[in-house]
Amino acid sequence: MPDLRADDYDVLSFDCYGTLVDWETAIIQYLQPVLLSHDVHVFDGTILEFYAEWEPLEQDAGGTYRDVLSRVMTRYGARLGFTPTAKETEGFVNAIASSNPFEDTTDALTKLAQHFSLAIISNTDEDLIQQTLQSIPTEFSTVLTAQELGAYKPNREMMRSAFDQIRQRGKRILHVAQSKYHDILPASELGLNTVWINRSSEHASAVQGVNANPVWEFESLADFAETFER
């Protein structure tokens, strides 16, 4: 593993949901009461595994991320034998948009901002990412969404376009993410060095598993940020 040096990069580009904010907890905490109200009893891990299966299918079908999440909610109902109400579906969208930052996110980003510009590339809508970022008191030089870019990660052309925008004026990018499926694999194939934040090592995940080889791996953003403080 090569040394990780701050002066080798100008910009850190981040995935948001799963890397900066804890969307898996938000999904479980919202859906479990809804499911119980319909007399549906499933494990937390099953909820996340269903999400990992269905979200990419609905992203391929197109539409805004609000549309994607609404259709995922419909799939939960179809699979588990209930019909979600419009209020429950809207609540699901807002629950994910309101996902809380991980405990280490704010402090880690504050430390990292001393060395790098910070950017976000996220599979969401403009209004939803703004809702999410209200809980992260960090200035990002660039925030790019699937809605703006016209496709969802792991689409290579979508990510190429995002990196090209961030890379203006010759900036060197290091991509940081939790999802190998959405981020690490496609970013690596586009020639970027990557950092995998392995937050789901001990439980089911809301993202699909793929074989990918990040250059560096850390269990948390705190551990990653600490690398540059030594």
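Arginine 199 lies over the face of phenylalanine 102, 3.8 Å from the ring centre. Keep in mind that this is a predicted model.

**Charges over rings**
- Besides the arginine 199 and phenylalanine 102 contact, lysine 180 has its charged end over the ring of tryptophan 196, 4.0 Å from the centre.

**The sheet**
- Six strands make an open sheet with parallel pairing, and their order is β3-β2-β1-β4-β5-β6.
- β3 (142–145) and β6 (216–218) sit at the edges with a single partner strand each, so one side of each has no neighbour in the sheet.
- From one strand to the next, the twist averages 20°.
- β5 (residues 193–197) pairs with β6 over 3 bridges, in the parallel sense, and valine 195 stands opposite tryptophan 216 in β6.
- Helix α9 (residues 180–189) packs on the sheet and touches β4 (173–177) and β5, with its direction at about 160° to that of β5.

**Ring meets ring**
- Tyrosine 9 and tryptophan 216 pair edge-to-face, 6.5 Å centre to centre with 90° between the planes.
- That pair links distant parts of the chain, 207 residues apart: tyrosine 9 comes in the segment before β1 (11–14), while tryptophan 216 is in β6.
- Tyrosine 9 and tryptophan 216 are both buried.
- Tryptophan 23 and tyrosine 51 have ring centres 5.2 Å apart and planes at 85°, so they count as edge-to-face too.
- Here tryptophan 23 belongs to helix α1 (residues 23–37) and tyrosine 51 to helix α2 (residues 44–61).
- One aromatic cluster includes Trp23 and Tyr51, along with Tyr17, Tyr30, Phe50, Trp54, Tyr76 and Phe92.

Conventions
Residues numbered from 1 in each chain as written. Predicted model: local features only at pLDDT ≥ 70, side-chain atom pairs only at ≥ 80, totals over all residues. Heavy atoms only, no water. Pairing = 2+ DSSP bridges. Helix = DSSP H or I, 4+ residues; strand = E, 2+ residues; numbered from the N terminus. Axes fitted to C-alpha atoms, helices over the stretch in contact; angles between N-to-C directions. Contact = heavy atoms within 4.5 Å. Phe/Tyr/Trp six-rings, centres within 6.5 Å; stacked < 30°, edge-to-face > 60°. Buried < 20%, exposed > 50% of the residue type's maximum accessible area, 1.4 Å probe, protein only. Lys NZ or Arg CZ within 6 Å of the ring centre and 35° of its normal.
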